[in-house]
Amino acid sequence: MTSNKWITDLKTLLQVAKARLDVREKKKTEQVAKERYTVADYIRNNKTPRARIAVEHLVREDYKIEAMDRIEAYVDTLLMRLQLVKDRPKNGTVDPAVEQPLANILWAAPFLAQDIPELGQVTLMFKKHFGSEYVTMCEQNKLGMVDVDLLRCLSCDLIPKLLIEKYLVEICRSQNVPFEPDQTIMAQDEFWTIGQRYVQHPPVNDEKRPPPPPSSGGASSTGGSGGGGAVAQYPSYQATQPSAPQFEKPPPTYSAVSFYCFLED
């Protein structure tokens, strides 16, 4: 009875956490969309330093939205495989089918505790069931099962300047605001450098190139007179097409009567 109550409480917490994750994702997405207009206004009013600070906040929010989406998928997976958790005894080993989603949820819980407090309660419940040692290993990623993209989203302490500059370029392009990015920062991007070289040194148009020099004079093979280069004559070969094979005797013909007789046999 105690085990059934523990699973019921865990299922309720996971369902609430999943619903809260979905709501927080949508709300943060709407906030980020509004803040993009604010960044464009900063650029329009020549407040580029403030725009870069605001963009850094936007990048962190985008990372958190992506992390919430991934954790929501892991919570959904854990809910579908909750029977595998129930079948395991207390302080026993974790089922391999549950180990990866559980490791990701336990690792991300401290980072998302302010937005999703239910994840902290889920961590406490798993500490009582599987032991604090296992939960600590998951929180420190000693098992090496945490998703690489999740690590990138929640472990990013310093946002790269190149990423901030790219955000500014994209926001200003979508809002039709003129913006000249920092060339020293954008020089770190290989594709941007190639594009700038193309803009500064466009390829030469074929129409502007000087005509090729005329060929050396000589008598034409056709015997015509006049100035000009001789036209080269190339031997012509007659294309041979394969012919149908010849039979010594024509193929036999069958009448309708003989065909029906063949079917009856």
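**Before starting**

This is a predicted model, in which local features need pLDDT of at least 70 and side-chain atom pairs count only at pLDDT 80 or more, while totals for chains, interfaces and linings use all residues. Residues are numbered from 1 along each chain as its sequence is written, and side-chain values use heavy atoms, with hydrogens and water left out.

**Stop 1: the whole chain**

Display the protein chain as a cartoon. It contains 11 helices and 0 strands; helices (H or I, at least four residues) and strands (E, at least two) are DSSP runs, numbered from the N terminus. Along the sequence the pattern reads α-α-α-α-α-α-α-α-α-α-α. The chain has 265 residues, of which 30% count as buried; buried means under 20% relative accessible area, exposed over 50%, and partly exposed in between, with a 1.4 Å probe and protein chains only. Among contacts (heavy atoms within 4.5 Å) between residues at least 6 apart in sequence, 73% join residues at least 24 apart.

**Stop 2**

Select Asn46, in the loop between helix H1 (2-44) and H2. Asn46 is not a glycine, yet its phi is positive, about 60°. Its relative accessible area is 69%, so Asn46 is exposed.

**Stop 3: where H2 meets H8**

Select residues 48-80, helix H2, together with residues 161-174, helix H8. Two packed helices are described by the angle between their axes and the distance between the axes. The axes of H2 and H8 come within 9 Å and cross at roughly 100°. Axes are lines fitted to C-alpha atoms, for helices over the stretch in contact, and angles run from 0 to 180 degrees between N-to-C directions. H2 and H8 are therefore roughly perpendicular to each other; that term covers angles of 65 to 115 degrees.

Now show the side chains. H2 contributes Ala51, Arg52, Val55, Glu56, Leu58, Val59, Asp62 and Tyr63 to the contact, and H8 contributes Leu163, Ile164, Glu165, Tyr167, Leu168 and Ile171. These residues divide into 10 nonpolar, no polar and 4 charged. Ala, Val, Leu, Ile, Met, Phe, Trp, Tyr, Cys and Pro count as nonpolar, Asp, Glu, Lys and Arg as charged, and the others, Gly among them, as polar.

Leaving aside neighbours within four places in sequence, Asp62 is in contact with Val32, Arg36 and Tyr167.

**Stop 4: along H8 and beyond**

Keep H8 selected. Its 14 residues reach 20 Å from the first C-alpha to the last, close to the 20 Å expected at 1.5 Å a residue; the expected span is 1.5 Å times one less than the number of residues. Among the buried residues of H8 are Leu162 and Cys172. Next, select Asn176, in the loop between H8 and helix H9 (183-186). Asn176 has a positive phi, near 55°, and counts as exposed at 70% relative accessibility.

**Stop 5: helix H4**

Finally, select residues 96-108, helix H4. H4 is mostly covered, with 10 of its 13 residues buried, including Trp107 and Glu99. The buried residues of H4 pack against H2, helix H3 (82-86), helix H5 (118-130), helix H6 (132-139) and helix H7 (148-154).

Note on methods. Parallel < 35°, antiparallel > 145°, perpendicular 65-115°, else oblique.
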